[in-house]
Amino acid sequence: MIGIVIAFLFLSILFYLVFGGADFGVGVLEFFSSKKNKEITKRTAYKVIGPVWEANHIWLIICIVILWIGFPIYYNLIVTQLHFPLTLLLVGIIGRGTAFVFRHYDAYQDKSQKLYDRIFEISSVFTPLFIGITAGSLISGNMVHPDLVANSDFKTLYLDTWINPFSILMGIFVLALFAFTSAVFITGDTKGDEFIYYKKKAKRANIAALVIGGLLFLEAGISQRQFLDLFFANKLTFIVFILVSVLIFPLWHFINKRYKLIPRLIVGIQLFLILFVWSFLAFPNLILFQSGELSILSETPPDVVYKSLGIALLIAAVFVLPGLYHLFKTFGLISK
């Protein structure tokens with residue numbers, strides 16, 4: 001049953017990257033749009049993410065619950081040593097969600113709308129940045145092993161873990177990745193000049209993600225991070241890296257042909273491969289430390305906990321997944 005729980009943890013992270021990424025990315029695109037094009041992006045945002053934006057956070061909630069119940073040692077480690085970036089991440093989510101509602105549903109239209117727009121845009125950049133910083137921190141090698149916590153100072157435990165070049169670059173990489181994902185999603189729902197506009201946005205975000213990804217590997221090499229050793233230790237990594245790169249060509253082919261579903265599926269496959277290869281290489285030591293190792297399977301709860309959690313997740317999937325499929329289909333997010 002523990003395998004089922006881990007599978008749900010993996011899928012919840014993947015779905016949050018895909019659907020949450022497309023969601024946050026709309027705000028990123030709006031932030032980097034000219035004053036002339038902000039209204040276009042704002043209008044498109046309501047059309048593409050308006051009906052489903054609230055459903056995206058279900059994946060984040062599932063991920064947190066699984067870690068909290070099924071893998072408490074990892075949960076405790078993450079929420080303590082990365083308390084600051086996680087708190088800022090949550091502030092961004094709250095600010096963005098609040099601004100999205102008020103700027104759309106506020107019956108009284110006045111200058112406050114501009115304030116809501118700015119909060120939405122800044123939060124949309126702020127949040128994925130800290131999602132990436134948090135993810136980068138977990139594999140940067142700057143995390144402190146639980147056995148060494150007692151002998152570590154405040155700076156080492158709560159600042160160095162995430163304020164480092166690798167984690168910051170990962171934050172910027174995720175920001176570019178979310179913008180790219182969103183632009184790809186939006187091209188399927190636009191026509192004419194708007195289609196051309198968002199296709200250009202997707203190309204720029206694609207280039208930005210590639211450049212920042214290169215800088216990420218360069219920094220890992222200069223700093224001699226364990227992440228890079230794991231990356232080059234298995235041939236599967238190169239196969240996946242080549243496959244993700246090659247998929248860019250059919251992705252752009254179908255975008256140019258103005259397909260709606262296939263480009264979105266390709267982006268989802270690319271994100272799946274990136275997440276899978278890391279999980280495969282590092283498992284079960286998914287967090288990298290300055291010194292020592294810690295398996296996600298360490299100090300796990302009794303089997304009855306995984307049995308109850310696994311059954312609950314399977315039952316939830318039976319009810320939730322068809323409902324989400326119907327929601328996406330109703331609003332045309334998964335039509336051809």
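Tutor: Helices in this discussion are DSSP runs of H or I with at least four residues, numbered from the N terminus. The model under discussion is predicted.

Student: In which helix is F319 found?

Tutor: F319 belongs to a nonpolar surface patch together with M1, I311, L314, I315 and V318. The helix that holds F319 covers residues 303-330. That helix is α14.

Student: Is F319 buried or exposed?

Tutor: A residue counts as exposed when its relative accessible area is over 50%. For F319 the relative accessible area is 64%, so F319 is exposed.

Student: What accessible area do the residues of the nonpolar patch have together?

Tutor: The patch is formed by M1, I311, L314, I315, V318 and F319. Together, the accessible area of these residues is about 590 Å².

Student: How many salt bridges does the structure hold?

Tutor: One of the salt bridges joins K155 to D160, at 3.0 Å from N to O. Another is formed by R225 and E219, with the closest N and O atoms 2.9 Å apart. For the structure, the number of salt bridges is four.

Student: With which residue does D23 form a salt bridge?

Tutor: The closest N and O atoms of the pair are 2.8 Å apart. D23 lies in helix α1 (residues 2-31), and its partner in helix α5 (residues 83-105). The pair links distant parts of the chain, 73 residues apart. The partner of D23 is R96.

Student: Are D23 and R96 buried or exposed?

Tutor: Buried means a relative accessible area under 20%. The relative accessible area of D23 is 2%, so D23 is buried. R96 has 3% relative accessibility, and therefore R96 also counts as buried.

Student: What span should the 23 residues of α5 have at 1.5 Å a residue?

Tutor: The expected span is 1.5 Å times one less than the number of residues in the helix. The end C-alpha atoms of α5 lie at a distance that agrees with this expectation.

Student: What is the geometry class of the aromatic pair formed by F31 and F32?

Tutor: A pair of aromatic rings is described by the distance of the centres and the angle of the planes. The count comes to 26 aromatic pairs. In the pair F31 and F32, the ring centres are 5.0 Å apart and the planes are at 85°, so the pair is edge-to-face.

Student: How many residues apart in sequence are the parts tied together by F130 and W162?

Tutor: F130 and W162 form a tilted aromatic pair, with 6.2 Å between centres and 55° between planes. Both residues are buried. F130 lies in helix α6 and W162 in the loop between α7 (154-158) and α8 (165-187), so the separation of the parts is 32 residues.

Student: Over the ring of which residue does the charged end of R258 sit?

Tutor: R258 is found in the loop between α12 (248-256) and α13, and has a positive phi of about 65° although it is not a glycine. R258 counts as partly exposed because its relative accessibility is 48%. The charged end of R258 is 4.2 Å from the centre of the ring, which belongs to F195.

Student: What phi does Q224 have?

Tutor: Most residues other than glycine have a negative phi. Q224 is found in the loop between α9 (192-222) and α10 (226-232). At 69% relative accessibility, Q224 counts as exposed. Q224 is not a glycine, yet its phi is positive, at about 55°.

Student: Is the peptide bond from F283 to P284 cis or trans?

Tutor: Most peptide bonds are trans. P284 is found in the loop between α13 (261-282) and α14. Omega for the bond from F283 to P284 is near 5°, and the bond is cis.

Conventions:
Residues numbered from 1 in each chain as written. Predicted model: local features only at pLDDT ≥ 70, side-chain atom pairs only at ≥ 80, totals over all residues. Heavy atoms only, no water. Patch = residues over 30% accessible without salt bridge, like charges linked within 9 Å, V, L, I, M, F, W, Y side chains within 5 Å. Areas by Shrake-Rupley, 256 points an atom, 1.4 Å probe, with all protein chains shown as cover. Salt bridge = Lys/Arg side-chain N within 4 Å of Asp/Glu carboxyl O. Helix = DSSP H or I, 4+ residues; strand = E, 2+ residues; numbered from the N terminus. Buried < 20%, exposed > 50% of the residue type's maximum accessible area, 1.4 Å probe, protein only. Phe/Tyr/Trp six-rings, centres within 6.5 Å; stacked < 30°, edge-to-face > 60°. Lys NZ or Arg CZ within 6 Å of the ring centre and 35° of its normal.
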